[in-house]
Amino acid sequence: MSHFNTFLAQLGNHSDPATGAISPPIHLSSTFAHPGLGQSTGYDYSRTCNPTRDILEEGLATLEGGSAAVATSSGMSAIQLVFQLFDVGSHFLVSRDLYGGSFRYFNELEAKGIASFSYFATEEEFTQQLNQQTTAVFVESPTNPLMQEIDLVSLSEQAKALGARVIVDNTFLTPLRQRPLELGADIVVHSGTKYLTGHNDILAGVVVTSDSQIGEKLKWLANTTGPTLSAFDCWLFIRSLKTLPLRLDKQEKNAKAIVSALKTFSQVKEVLYPGKGAMISVRLHDAEQVPSILAGVKLFTFAESLGGVESLITYPTSQTHADVPKDLRESYGLTPDLVRLSVGIEDENDLIADLKAVLD
Ligand SMILES: *Cc1c(COP(=O)(O)O)cnc(C)c1O
């Protein structure tokens, strides 16, 4: 295949030979006429299959190096779709440092007796806890918000040896920086709300797999339970993917410049950055300063979410990870002195000046 920037810039192009439209049509029809009894154009009903969504899903599968993709209404609906693959009573081994909403969902599954979960913080803990009873492993890498990278090759090898599936939430790095299926994972999920769409304007989720049986089952489940993304949002998603390489390059360049600057600011104790992507966590010397920092920034907006062209500052303790109990959160390092930055595409010097004003 051509390079990803070429592929993405032209995604959906030439999809309407009748008119030659460069931008792919938005097929808003919920249902499709049958040519005759027992006949179909390939499209019957939009929950099952929609031409605009097809373009997006093929693009996403290619981008992650998978054979099938499902575009869903949010990251959480993508994660929920994946968990429907597994039988009641399944056991999951999960990275401890995790998006709070995923943790909340796993707790709900456990409380209802649908599945059980154990959590690992280090590679040693992973190896110790992995066993024949492990149905699947679910990880974020880098983790959120502590930015620890997990060796996905080693993790996948160990999991496979015991017959466990590997699911990776690839929201933070995107397939342009990490392709988990090539590293051994079976399934990749994304909050498409974040970098992939990148404008803080839609909610979307993605599931991709390279296993054709899992792919079939995911499509079947998506049709059966109905989380599929609407045609209009699929079009916005396609439009956004065309600039993903440009956005991510600029966001990452800004992030690297900000990391260097942060290290010189008097209030900063530690900068957590995995060396790629545009997410940064910052440990402060004094957690008491958090309210004035959040109130003082002018370019960074105090809001949850990430990955958009606009820079955001998030306080995981009270926002994204509020549903992780305080003692648990603090036991693994998610302490009240931590703020998280999602770096946008603004001018790097303006962003650095904004942070310097409140952190130095
Ligand atoms: C935001 C997020 C989710 C949830 O996605 P939504 O689109 O908000 O439903 C899942 N995982 C990670 C890593 C996220 O950042």
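1. Basis. In this predicted model, local features need pLDDT of at least 70 and side-chain atom pairs count only at pLDDT 80 or more, while totals for chains, interfaces and linings use all residues. Residues are numbered from 1 along each chain as its sequence is written, and side-chain values use heavy atoms, with hydrogens and water left out.

2. Polar contacts (pairs of N or O atoms within 3.5 Å). A ligand nitrogen atom is 2.7 Å from an N or O atom in the side chain of Asp169. A ligand oxygen atom is 2.7 Å from an N or O atom in the Lys194 side chain, and a ligand oxygen atom is 2.9 Å from a polar backbone atom of Met76. The protein buries 92% of the 380 Å² that the ligand exposes when taken alone (Shrake-Rupley method, 1.4 Å probe).

3. Cavity. One cavity of 30 Å³ or more is found in the whole structure; a cavity is a set of points on a 1 Å grid over the protein atoms alone where a 1.4 Å probe fits but cannot get out, and its lining residues have an atom within 4 Å of a point. The largest cavity holds about 50 Å³, a volume being the space filled by probe spheres set on the points.

4. Cavity lining. Among the lining residues of the largest cavity are Phe120, Glu123, Phe126, Ile150 and Asp151. By class, the lining has four nonpolar, three polar and two charged residues.

Methods:
1 Å grid on protein atoms, 1.4 Å probe; cavity = no way out; pocket = protein on both sides within 12 Å on 5 of 7 lines; lining within 4 Å. Nonpolar A, V, L, I, M, F, W, Y, C, P; charged D, E, K, R; others polar. Polar contact = N/O pair within 3.5 Å; in protein donor to acceptor, adjacent residues only side chain to side chain.
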